[in-house]
Amino acid sequence: MEGISIKTRAADLEPVKKYAKYLMYKELVDGRHPEMLTFENLQEIVPAWNAVSMAAGIGRLCEAAQQGQVMYDVYTEEECMDDEEKKEVKIWHLPAKKSGNTPFMIVIAGGAYHSVCSMVEAFPPAAKLNELGYTVFILNYRVGSRRVMPKPLDDLAAAYRYICSCKKQFCLETEEYVVCGFSAGGNLTSLWGTEKYGYAKYHLPKPKAVFPVYAVISSRLMFEESREEFLKTLAGEGELADASVLDVPDLMTKNYPPAYIVHCRDDSVVPVENSIFLKELLDERHIPARLELGEKGGHSFGDGRGTDADGWIGRAVTFLESLQ
């Protein structure tokens, strides 16, 4: 969309005003709502958040919103009766810019299971994936509570079912799909690949591939200072606070999907050892996998623009298209 620059505030863009709260769901930056700051301001506060990438991602969202509806409720009113927060579970639909019988992508931003930073981590990759011929659905899932699991997994399952139930409306030619997630969203993506807690538990097809990007694979591989909070968020406190049952290394089987893994060594939030270990586990099981390691990029780089991971989306798609 023309007229969007790094000096734009998302809240000022007419096509997406009514969706603004979900662009960075439950996230505050210096006590302010991110959509009220310019992309340039956001990068000044959080250097890993690339202003040009955010502008491109929100520009793509505006283009799609000008063509019609882009956000959909995942749960019905009846399904929300047991949990009001289900009303906040949404998918954004960004159609491919060229037709083709490609799997659709479910893209999941991170936010430590306290927020969902889609404006930074989901919309910029989605814009690139659209250019490459892939339809993208961005998931806004339940966060912000102690013992959050398995709600985000439930939400991902419900989103897949909803998408397939509306296949004609979304002009999808296949029910094949890929899940791509970042940080906590990468943890969710990685868990989705397990049979015990992911796709098989929900009696859904295995994704053609997963793209975990600077993902938490195991609480045991986290930095000591953040491990306890992560455990409490996932599994609660006291005797419930053992999230090791959700550690991917303990859950992986030979039926795990192929994976394209991305991380930078200077990540100060999620240790790079998570991704290195994931690749080793996949190799042991002879599951197709690629590990892309950059030296510099930090955490929360999204589409990788301006980092050593720049261009990773195109390389991940090449890997995907090489799978039989």
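**Notes on packing and aromatic pairs**

1. Let me begin with a helix worth a look in this predicted model. The buried residues of α6 are Ala184, Gly185, Gly186, Asn187, Leu188, Thr189, Ser190, Leu191 and Trp192. That makes nine of the nine residues in the helix (184–192), so α6 is largely enclosed by the rest of the structure.

2. What do the buried residues of α6 pack against? Their partners are the strands β3 (104–108), β5 (177–182) and β6 (209–213), together with the helices α5 (151–165), α7 (224–235) and α8 (248–251).

3. Next, do look at α2 (residues 51–67) and α4 (residues 123–131), which pack at an angle of about 65° with their axes 7 Å apart. Their crossing is left-handed. On the α2 side the contact involves Ser53, Met54, Ala56, Gly57, Ile58, Arg60 and Leu61, and α4 contributes Phe123, Pro124, Ala127 and Asn130. By type, these contact residues are seven nonpolar, three polar and one charged.

4. Now the rings: the whole structure holds 18 aromatic pairs. One of them, Phe104 with Tyr177, is stacked, at 6.0 Å centre to centre and 25° between the planes. Phe104 belongs to β3 and Tyr177 to β5, so this pair ties together parts 73 residues apart in sequence. Phe104 counts as buried at 1% relative accessibility, and Tyr177 does at 2%.

5. Both rings also belong to a cluster linked by ring pairs, made up of Tyr72, Phe104, Phe137, Tyr160, Tyr162, Phe170 and Tyr177.

6. Finally, a charge over a ring: Lys86 lies over the face of Tyr75, 4.9 Å from the ring centre.

Notes
Residues are numbered from 1 along each chain as its sequence is written. This is a predicted model: local features need pLDDT of at least 70, side-chain atom pairs count only at pLDDT 80 or more; totals for chains, interfaces and linings use all residues. Side-chain values use heavy atoms; hydrogens and water are left out. Buried means under 20% relative accessible area, exposed over 50%, partly exposed in between (1.4 Å probe, protein chains only). Helices (H or I, at least four residues) and strands (E, at least two) are DSSP runs, numbered from the N terminus. Contact means heavy atoms within 4.5 Å. Axes are lines fitted to C-alpha atoms, for helices over the stretch in contact, and angles run from 0 to 180 degrees between N-to-C directions. A crossing is left-handed if the near helix is turned anticlockwise from the far one by less than a right angle, and right-handed if clockwise. Ala, Val, Leu, Ile, Met, Phe, Trp, Tyr, Cys and Pro count as nonpolar, Asp, Glu, Lys and Arg as charged, and the others, Gly among them, as polar. Rings of Phe, Tyr and Trp (its six-membered ring) pair if their centres lie within 6.5 Å; planes under 30 degrees apart count as stacked, over 60 as edge-to-face and the rest as tilted. A charge sits over a ring if NZ of Lys or CZ of Arg is within 6 Å of the ring centre and within 35 degrees of the ring normal.
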